[in-house]
Amino acid sequence: MGKSFMPITRTNVLLLATFMLAALFLAAGAGPRQASEATPQQYAGIDTCAACHEDVVKSFRDSIHGQKGFRLKSDKACETCHGPGAEHAEAGGDKNKIKSMAGLSAEDQSAVCLQCHETGKIMFWAGSPHQQRGLACQTCHSVHSPASTETLLKKALEFEQCFTCHKKQAAQFWRSSHHPIREGQVTCSNCHNPHGTITDKLISAASEPEKCYECHAEKRGPFLWEHVPVREDCGNCHDPHGSNHIKLLNAKEPFLCQRCHADTRHPGTLYDQLSINSNRLFDRSCASCHSMVHGSNHPSGKYLFR
Amino acid sequence: MKRILTLALGLGLFFGLAVFQAFAEKKEEWAVKGRAVTGTEIIKEDQRSSKFFEYRDLPSGFFVSGFNLSLAKGDRFIDFAAARLGRKDGTYNFSLGSYGKYKFSLGYNRIPHAFSFDGRTLFYESGPGVYILSDSIQKAAQAAAGDAPYSSRTALDAAMRNARLVVSDYLVGATPVALALQRNKTTLAFNYEISSPLSFSLNAVREIRNGTRPIGASLGFSNLIELPEPIDSITTNIDGRLEFAPAWGAFQAGYSSSIFDNNIPTLRWDNPFRISDQTYDIPSGAYQNGNGSALGQLSLAPSNRAQRFYFNGLVRVLKSIRLQGAVSYGFFSQNEALLPFTVNSALNEVYPAATSGPGGSANAKAAVSTIDFSLSARLVKNVSLNAGYRQYNFNNESRERNIDGFSVVDQTWEATPEAVEPYSFNNAKLFGSLSFHFLKNTSLQLGYTRSSFKRKLGEEDEGKNDEGTFKASLDSSPVGWLWLRASFLSAKREWSLEGRKDIYIPGFAFRRYEEANRARRAVNFQAGLSPFNNFDLTFSLSEGKDNYPKSDYGLKKSEFQMYAVEASYAIGNRASVYGFYSREEYSGDQASRKSGATFSTNTADDWTAALKDTFQTLEGGFTADLIKDKLDFDISYSTSQAKGTADLYSPPGGDPDVAVNFDKSIDSTTIRLLKTKLLWKLGPAFAVAAGYWYESYTIEDITRTLLTVDKLLDSASLYLGALEPDYKYQVGYLKFIFNW
């Protein structure tokens with residue numbers, strides 16, 4: 001669009017590049033991710049840890065963190081996260097001389113994990129809604145006693161973890177019109193990245209419609225005749241977490257359509273008990289005739305009939 | 001089936017070779033772990049319904065519900081996991097790799113989607129997307145209706161009724177039609193860490209979708225036809241990215257592509273009421289009754305492409321400063337051949353190119369770009385800042401087309417020149433927030449976002465939304481047994497056109513609700529308590545309200561309230577009980593005015609609708625280790641009740657004179673699920689599970705419960721009768737679980 005707030009112009013791209021270069025320049029003096037001021041003598045080693053924490057060390061060794069690939073990142077095993085432990089061991093297990101997650105703030109807890117994990121899908125954690133609301137990695141994940149082995153979540157199923165806080169979605173899970181979440185075919189992270197994204201609602205795509213197009217690519221177009229609210233936001237008409245109305249609609253047709261279409265002829269007509277058999281109310285109501293409601297590619301598709 | 005066998009063979013070959021290679025190396029032993037779950041299942045069907053099988057395949061008899069095999073040696077691993085083997089909802093995943101170096105995964109996932117077991121139709125598919133009827137039906141109906149011109153509107157209506165009576169008689173011969181989709185998805189993922197900071201990943205998904213689903217194929221208000229829309233499409237999504245992650249940041253550069261191929265882009269069907277084309281000029285007659293064309297034709301979803309280049313960056317500046325940026329640029333495009341304006345040859349008499357124009361192809365293209373950069377920093381010990389700018393731009397670059405007119409449902413010619421204009425929009429926002437950390441594990445966050453949404457249709461400025469949003473939240477966990485989360489949001493949105501804000505139409509003021517002036521308020525509160533080691537209690541309260549203060553019509557207000565309580569109690573170390581209850585209420589107030597062809601100025605023609613959906617969800621369960629490490633018992637119950645109501649009103653004296661409210665709730669559903677399981681662990685390698693579950697569903701819907709194929713006489717519609725009725729199912733199973 002020519003009049004966009006910050007269109008993709010050469011000037012703006014240059015501005016952005018300058019921003020990124022400035023960031024790089026500022027970062028030039030930053031230390032390495034795993035910088036440590038500890039000396040080798042301050043580390044106790046995993047076998048020393050196992051002498052007292054046998055079960056914990058076993059669970060660590062059995063987990064993904066206990067695999068050999070971990071050593072490509074760090075050769076400090078337990079002390080990668082808990083810090084040097086020699087003093088703790090020598091003091092007979094003095095809890096004040098070791099980094100315990102329970103004693104750290106949320107930010108510091110996350111910082112332990114982000115030493116290695118602030119990449120890939122987790123590179124936008126800083127400033128993300130979950131980070132800002134005081135959650136730590138350890139709020140959802142457990143390194144030593146996870147209920148799910150692959151993602152180390154505290155709950156066995158991903159949606160159970162999300163429903164710990166998201167009670168509205170927990171209730172919507174049971175709606176008659178739903179995505180196959182309770183059937184185990186779709187899960188929260190198919191659409192959301194809880195670790196942070198550039199898109200609202202932690203959608204893991206450039207926009208909410210673009211996330212929907214990943215599975216519903218037939219709705220993408222562009223169409224000859226576009227239906228404007230559809231193009232902008234699928235959420236204008238649908239609730240992806242579940243609905244009592246067919247097709248995950250936000251409200252029952254024809255009333256949903258009449259929230260925008262309130263003008264002449266049948267869009268402005270009241271469909272009440274007297275019109276219970278009218279094909280403008282019955283079955284799929286408006287969409288029975290305006291079946292190409294997501295956009296039409298037919299030259300006579302102005303009214304989305306074709 | 002052939003595809004499944006080919007895939008199974010491919011997987012088996014690949015897996016076999018990998019295992020062979022793995023075992024061929026003698027130096028180090030491979031650790032082998034696995035699990036197989038097999039058994040038998042009995043299903044008792046008290047009321048059959050497609051709704052129970054909507055997304056699942058649940059046959060009676062022998063099953064293999066799971067098979068996992070994991071091999072590991074040093075840093076290498078090979079995993080195979082399958083669930084619901086051989087079923088239409090089965091999943092199969094194979095992966096191999098070396099921890100910290102590479103991982104290759106191949107998956108195959110099947111998802112059924114049943115729409116109805118009850119659909120019936122007179123039509124049969126003569127070719128992909130072509131539905132035809134017996135000529136005798138069309139001839140008999142046409143003979144009963146006669147040909148245009150009709151002497152009056154009354155004569156036309158009578159003729160149409162005669163035709164419907166004829167077709168209605170044939171409907172006893174409607175035959176069952178399958179209304180279900182099958183989605184088969186193959187996934188491939190490859191991650192390779194080239195060197196310590198440099199990695200590459202490739203993800204690909206190919207989904208083949210086949211089947212049918214109901215679609216409306218109208219030939220006019222009084223000739224609504226429902227058909228099984230043929231689905232035969234392939235979607236291929238590919239994403240490849242290179243990531244460089246040094247100690248001081250992370251950078252990703254990637255390319256993604258999505259290709260949608262629709263093998264059936266056109267739907268063509270016979271008109272049950274005519275076998276030869278005609279047109280006529282009774283005022284609004286053909287439009288109204290849709291009995292001119294012998295055929296209808298519509299354009300199904302066009303094959304299309306999307307591609308995008310993207311770059312994401314993160315720079316860690318000092319310990320607590322993050323600079324993040326993301327830019328992307330790509331295209332959506334489709335160039336499907338355009339269908340003619342109509343298939344009604346009689347309309348050539350009105351517009352000579354009706355059945356040949358406009359020709360060519362859609363040549364539709366949109367450039368889609370994003371820009372994002374943000375800063376997250378700890379300013380001083382207890383204060384953090386997060387600020388940034390985001391923009392999403394959808395720039396439709398399709399050329400504007402001008403047409404002399406168009407056909408309406410293949411019946412009439414609307415001789416009004418039209419411009420087919422591309423639609424574009426731009427959504428941008430500036431945001432900033434400050435977080436204050438005080439007390440132990442307590443933070444207060446204050447934020448403000450200024451956003452703009454600009455729309456453009458062709459060359460016309462369609463207006464702009466400006467919205468300011470204030471957010472505050474408080475999160476606290478001052479002691480180990482208590483946590484609190486509270487948030488408040490207040491937003492105000494204004495619509496303007498070319499800088500003017502007060503240009504709502506006087507007398508009938510409203511905008512579409514996604515762009516209308518809006519005042520939004522939302523409050524969320526959540527508290528968690530663990531007063532004893534064995535007891536947890538969570539309480540949630542949410543409330544939201546959208547007011548459209550300048551909208552006298554359309555959606556005027558929507559509200560949402562919810563509260564939820566969840567509790568769990570551990571009885572000793574070997575048993576626990578839990579429960580969850582929530583109540584939600586969603587309401588919306590809207591208004592409209594009934595008008596004829598021209599806009600009514602009579603306020604007595606106004607009407608309002610207050611819609612309300614109320615939900616109650618209850619879950620509870622008990623789990624116990626009856627004999628320690630030997631015998632487990634689980635029982636759970638869930639129920640979700642939904643009820644939708646509409647309160648309609650119209651002032652007397654207009655049209656409608658009075659609104660007659662529905663005599664029951666507009667839609668209500670109840671789902672109940674009881675599950676119980678006994679698991680007997682006979683040793684580390686073997687266990688037996690016996691279980692039972694009961695699931696029921698009831699639906700009352702004023703527009704769907706009484707759906708039948710034949711509604712020709714009372715609603716001028718020929719439906720598929722695609723019911724998703726009530727059901728009651730009981731399932732009992734015996735499972736044998738082997739671990740090694």
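The model is a predicted one, so local features were only picked out where pLDDT reaches at least 70, and side-chain atom pairs only at 80 or more.

Start with the interface. On the chain A side, 126 residues are in contact with chain B, and 202 residues of chain B take part in return. Between them the two chains bury about 13,900 Å², and carbon and sulfur atoms account for 58% of that area. Several helices of chain A give two or more residues to the side that touches chain B, among them H1 (10-27), H7 (106-117), H11 (167-172) and H12 (208-215). Helices H4 (70-73), H13 (228-232), H14 (255-258) and H15 (286-289) of chain A are also on that list. The largest share, seven residues, comes from H1(A). Sorted by class, the side of chain A that touches chain B has 56 nonpolar, 38 polar and 32 charged residues.

Next come the charged pairs. Side chains of opposite charge can pair when their charged atoms come close. Over all chains the count is 54 salt bridges, and 14 are counted between chain A and chain B. One of the pairs joins Glu118(A) to Arg316(B), at 2.6 Å from N to O. In another, Lys167(A) meets Glu566(B), with the closest N and O atoms 2.2 Å apart. This second pair runs from helix H11 of chain A, which holds Lys167(A), to strand E30 (residues 554-571) of chain B, which holds Glu566(B).

On to the empty space inside the model. Rolling a probe the size of a water molecule over the atoms shows where empty space is left. Four cavities of 30 Å³ or more turn up. The largest has a volume of about 80 Å³ and a lining of 13 residues. Nearest its centre lie His245(A), Ile246(A), Lys252(A), Glu253(A) and Asp283(A). By class, the lining of this largest cavity splits into six charged, four polar and three nonpolar residues.

The second largest cavity comes in at about 60 Å³. Its lining draws on both chains: Phe223(A) and Leu224(A) come from chain A, while the chain B residues include Ala362(B), Ala364(B), Asn396(B) and Ser398(B). Arg399(B), Arg401(B), Val420(B), Glu421(B) and Pro422(B) are also part of this lining. Here the classes work out as six nonpolar, two polar and three charged residues.

Most residues other than glycine have a negative phi, and most peptide bonds are trans. The bond from Glu253(A) to Pro254(A) is cis, though, with omega near 5 degrees. Pro254(A) sits in the loop between H13 and H14 of chain A, and Glu253(A) is one of the residues nearest the centre of the largest cavity. Chain B has a cis bond too, from Gly357(B) to Pro358(B), with omega near -5 degrees. Pro358(B) is placed in the loop between strand E17 (321-334) and strand E18 (364-380) of chain B. As for phi, Ala77(A) has a positive value of about 45 degrees despite not being a glycine. Ala77(A) belongs to the loop between H4 and helix H5 (78-82) of chain A.

Lastly, there is Thr603(B), in the loop between strand E31 (575-593) and strand E32 (606-627) of chain B. Leaving aside neighbours within four places in sequence, Thr603(B) is in contact with Arg593(B) and Pro651(B). The C-alpha atoms of Thr603(B) and Gly654(B) are 7.8 Å apart, although 51 residues separate the two along the chain.

Methods
Residues numbered from 1 in each chain as written. Chains lettered and ligands numbered in written order. Heavy atoms only, no water. Contact = heavy atoms within 4.5 Å. Buried area = accessible area lost by both parts, 1.4 Å probe. Salt bridge = Lys/Arg side-chain N within 4 Å of Asp/Glu carboxyl O. Helix = DSSP H or I, 4+ residues; strand = E, 2+ residues; numbered from the N terminus. Nonpolar A, V, L, I, M, F, W, Y, C, P; charged D, E, K, R; others polar. 1 Å grid on protein atoms, 1.4 Å probe; cavity = no way out; pocket = protein on both sides within 12 Å on 5 of 7 lines; lining within 4 Å. Points joined across faces, edges and corners; volume = space filled by probe spheres on them.
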